[in-house]
Amino acid sequence: MSRCFKQIAGLSALLLFIWLVHTPLHAVGQAQEPDEEELRLLLEKSLSITELDKEIARIGVQKEQTLKRISELSQLIESKSVELKELEAKAGDIIRAYYTGERDSLIGAVLSFQSLPDLFLMLDYFDVIIANDKKSLDGYKEQYRELQKEREKLAEDESRLTSLETSLLAQRERIVRLQSDVDSSLASSSDADRLRVLIDELVAYWETAGMHEVKRYFRALAETMKELPEWLQENPGLMEMNGLSYTLRLPDDELNRFLREQNDLFDNFQFRFENGLIAASGRREGMEISLTGHYLVEDEPVHAIRFYTDELKFNGLTLPDTTVRDLENSFDLSFYPQRLVSFVKADSIVIEDGELVIKLSVVLE
């Protein structure tokens, strides 16, 4: 999509919004026009419906993939179970042979040798038989372990399917409620047609330009975060050492300097550390994006300081949590302390006004 088209679409949506809010409307019966806050909520709900539709589609794809995986695993388990029964019977015969002394005849044969060549020949036979017995028993054990693993995978996928179905039902219920609210607002409006046009304009603008712009920022942030450890090493004044511990102090103006050095997309984007949260906002080509979030120290699946978005807004409209989670899954905004210093781990992270403070300690192994 060209920059020109985005600007035209943004201007169109803005003009339509101003026209709707400030143009006098004639009441029809008891119908009332929504005030500015009600209009914002109406547009927000309409945008959420669009995004929840996408989430339902994503969950539907995941559900189909999981069902296919469950079917494949079930067939594999059935096949392995048949093989296992055959190996189990063979392993049972071998164990019974040793237990009942049937293998004693082998030892007797070895001890009754008449000449050294006979002894060597019997020992060869003995090695072959023992090796085959061991191979059969090992094969049984391996097949049993593989079957158990497949059963565990199947249980995990079945649990995942249950979660997907629960999530799918919840999102559908959310859409029903939101759609009911939107329909009710339109029904009570004296100019529902104009509201519908505004909603359609907003949704079209979001899908053709807005979502791409949001992803552009998240992608750029994910790329620049990979470079943060090296940049911190080049700026040692931000790190204090006290015995076996370190304190990293990153002022928000330094963070903004780093981001702008990495990508000029952040020239019009500002990060702030305030009220225990990270806040960021910026405007470009008629689109405004703002977010708030926080960091948590986590050890699984790997040690990291993970970023979680608490709220994400596009042109003043709050996007649903499903959109936020999808962006977080698609773009990794975490910070990995061991890329800064291989032998440290993060103990805590605190956001003070204007500064991010990370406590690190040396890992002694």
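Which residues does Ile 289 touch, not counting residues up to four places away in sequence? Hello everyone, let's start there. This is a predicted model, where local features need pLDDT of at least 70, side-chain atom pairs count only at pLDDT 80 or more, and totals for chains, interfaces and linings use all residues. Residues are numbered from 1 along each chain as its sequence is written, and side-chain values use heavy atoms, with hydrogens and water left out.

Back to the question. Ile 289 is in contact with Glu 213, Val 214, Tyr 217, Phe 269, Ala 280, Ser 281, Gly 282, Leu 312, Lys 313 and Phe 314, where contact means heavy atoms within 4.5 Å. Ile 289 sits in strand E5, residues 287-298. Helices (H or I, at least four residues) and strands (E, at least two) are DSSP runs, numbered from the N terminus. With a relative accessibility of 1%, Ile 289 counts as buried; buried means under 20% relative accessible area, exposed over 50%, and partly exposed in between, using a 1.4 Å probe and protein chains only. The C-alpha atoms of Ile 289 and Asn 315 are separated by 6.2 Å, although the two residues are 26 apart along the chain.

Now, salt bridges. We call it a salt bridge when a side-chain nitrogen of Lys or Arg is within 4 Å of a carboxyl oxygen of Asp or Glu. Searching the whole structure gives 25 of them.

Take Lys 63 and Glu 165, whose side chains meet at 3.8 Å, N to O. Lys 63 is in helix H2 (residues 36-99) and Glu 165 in helix H4 (residues 116-187), so this pair ties together parts 102 residues apart in sequence. Both are partly exposed, Lys 63 at 22% and Glu 165 at 37%.

Next, Arg 174 and Asp 321 form a salt bridge at 2.9 Å, N to O. That pair links distant parts of the chain, with Arg 174 in helix H4 and Asp 321 in helix H7 (residues 321-330), 147 residues apart.

Then there is Arg 306 with Glu 298, whose closest N and O atoms are 3.2 Å apart. Here Arg 306 is buried at 12%, while Glu 298 is partly exposed at 22%. Elsewhere, salt bridges with shared partners join Glu 213, Arg 216, Arg 284 and Glu 285 into one network.
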